[in-house]
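Work through the exercises below with the structure in view. Each task is followed by a solution in steps.

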Amino acid sequence: MSYPQRSTRLEFLGFPPGYGPWTYRAIPEPLISSELARLASAHVINSKTTTTGCVSLQPSPDPDDRSQDRFVVLDWDGWLFSAVFDGHGGEEAVDYVVQELPSLIYAALAKALADAGTTPPAPSTVSTLLQSSIRAVDDALTDRVKHLFPDEATLAVLTDEQIKSTINGPTNPNNLAILRCMRGTTALVSLVDPKKENLWVASLGDCQAVLGAKNSNGTWDATILSVNHSGKNPAEVARIRKEHPNESECIKFDRVLGAIAVTRAIGDHIFKLPVSYTRRVFMNCVPGFSVSSKLEHFLPHNKSPPYLSALADIKHVALQPSTTNTSESFLILCSDGLVDLYEHTNARRPTLEEILTQWVHILGERMDRRGAKVSDGADKENAALVLLRHALMAGGADNPDRLAQMLTVEIPCRWMDDTTVLVQTL
């Protein structure tokens, strides 16, 4: 079916005057809503005691712009494991973490449960195993590189050709090991015990987690459970400057070494290993880097690595039991792309806390209207899809034509960040 073609300059996304116009398809309702659900792969995962609404969107049709977001939702005999990963620079690191981290956490949790016997493990035990498992995944990446090139002295005696022959080749397993270190990913992990008495959230990077819970007054409270590990967080900036005294450019333009926005991540070993590993190993790897900052602009400032940390922040919450037979709390997990969609508004840009609180109120009031069902099997009732659409409107009035522009515009670049949302009843 064909639709009228119109032009847009995407001013509402902050494109400056003079850019565009670009063509988009004016798809009407209800078809544009169906297209959003299709492009975002909107679906609901049901378990015995919970539902999780899921969406993940990158509307650019260019294969080079395909989403590097990933998410996982698992039920381990009543233990609910959920995670959002925001990959960057390439897919190799994020795909590795999706493959390895859940099984590492599962094994550590199984051991903790066995050690505890008939009593539940202490909350601090679970917090520690989450933190150590995330760090172990990153350490494994480092160990693989150090197995090939143990130290800078080893690199110094090797020629570039020797290094290239060691790490390159489409069937060479060393090639994938190096690429995983060159790429990176954030990690946001949640774990809920079978009785829904305890919730843990581990955050590494700039994904967001917020708990919505109904209080005794019947209104909804928002509790932010993630920590924003970025160069815009004063606490993170202070930590890095303390770790790297007399290095004025360890943070520049709100970025680590002026190059990367997040201050904690898995991978990104260009910011964790001595600069000789970048110059001799990573820069000789094929395929190479896919980064927005030019290496030579920040490599001279890599004087005392590591600059990025793989130490996750852990939050534990004792959940309040429901006073009814319906869910009175829910958890939102999302990549930073969802927050970024509120950047360009006609009014004052809301703060992060205001945005996350607004999400809780939107879904909480919706749960009240629907009898405390935050999601069901129909995409149109997917709570994650509700939040995604609200963000695509930048929190403003719903506008199907704006939605059509954002989903179908023909523009030779990516116009929005990868965006993933999970909403889980508790």
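## Exercise 1: Cysteines

Task: Decide whether Cys 334 is buried or exposed, and find out how many disulfides the structure holds.

Solution. Start with the surface. Cys 334 has a relative accessible area of 0%. Buried means under 20%, so Cys 334 counts as buried. The model examined here is a predicted one. Next, take the sulfur atoms. A disulfide needs two cysteine sulfur atoms within 2.5 Å. For Cys 334, the nearest cysteine sulfur belongs to Cys 207 and is 7.1 Å away, and Cys 334 is in no disulfide. The count for the structure is zero disulfides. Cys 250 can be treated by the same cut-off for burial: its relative accessible area is 1%, so Cys 250 is buried.

## Exercise 2: The neighbours of strand E6

Task: Describe how strand E6 is covered and state which strands it pairs with.

Solution. First, locate the strand. E6 covers residues 79-88, and nine of its 10 residues are buried.

Second, go through the partners:

- Strand E5, residues 69-76, pairs with E6 in the antiparallel sense over eight bridges. Within this pairing, Asp 69 has Asp 86 of E6 as its bridge partner.
- Strand E8, residues 187-192, runs antiparallel to E6 and is joined to it by five bridges. Here Val 84 has Leu 188 of E8 as its bridge partner.
- Strand E7, residues 184-185, is also antiparallel to E6, with two bridges. Gly 184 in E7 stands opposite His 88.

## Exercise 3: Two aromatic pairs

Task: Classify the ring pair of Trp 76 and Tyr 106, and then that of Tyr 342 and Trp 359.

Solution. A pair of aromatic rings is described by the distance of the centres and the angle of the planes. The structure holds nine aromatic pairs.

Step one: the rings of Trp 76 and Tyr 106 lie 5.1 Å apart, centre to centre, with 70° between the planes. Angles over 60 degrees count as edge-to-face, and this pair is edge-to-face. The pair links distant parts of the chain, since Trp 76 is in strand E5 and Tyr 106 in helix H2 (residues 92-116), 30 residues apart. Trp 76 has a relative accessible area of 11% and is buried, whereas Tyr 106, at 40%, is partly exposed.

Step two: the ring centres of Tyr 342 and Trp 359 are 6.3 Å apart and the planes stand at 50°, so this pair is tilted. Tyr 342 sits in the loop between helix H10 (336-340) and helix H11 (352-370), and Trp 359 is in helix H11, 17 residues apart. Tyr 342 is buried at 1% relative accessible area, and Trp 359 is buried at 0%.

Step three: note one aromatic cluster, formed by Phe 15, Tyr 19 and Trp 22.

## Exercise 4: Confidence

Task: State the average pLDDT of the protein chain and find where pLDDT stays under 50.

Solution. The chain averages a pLDDT of 94, and 96% of the residues score at least 70. Over residues 374-380, pLDDT stays under 50. The model has 21 contacts beyond four places in sequence for this stretch. Where pLDDT is low, the predicted coordinates should not be read in detail.

Key
Residues are numbered from 1 along each chain as its sequence is written. This is a predicted model: local features need pLDDT of at least 70, side-chain atom pairs count only at pLDDT 80 or more; totals for chains, interfaces and linings use all residues. Side-chain values use heavy atoms; hydrogens and water are left out. Buried means under 20% relative accessible area, exposed over 50%, partly exposed in between (1.4 Å probe, protein chains only). Helices (H or I, at least four residues) and strands (E, at least two) are DSSP runs, numbered from the N terminus. Two strands pair if DSSP finds at least two bridges between them. Rings of Phe, Tyr and Trp (its six-membered ring) pair if their centres lie within 6.5 Å; planes under 30 degrees apart count as stacked, over 60 as edge-to-face and the rest as tilted. pLDDT is the predictor's confidence in each residue, from 0 to 100. Contact means heavy atoms within 4.5 Å.
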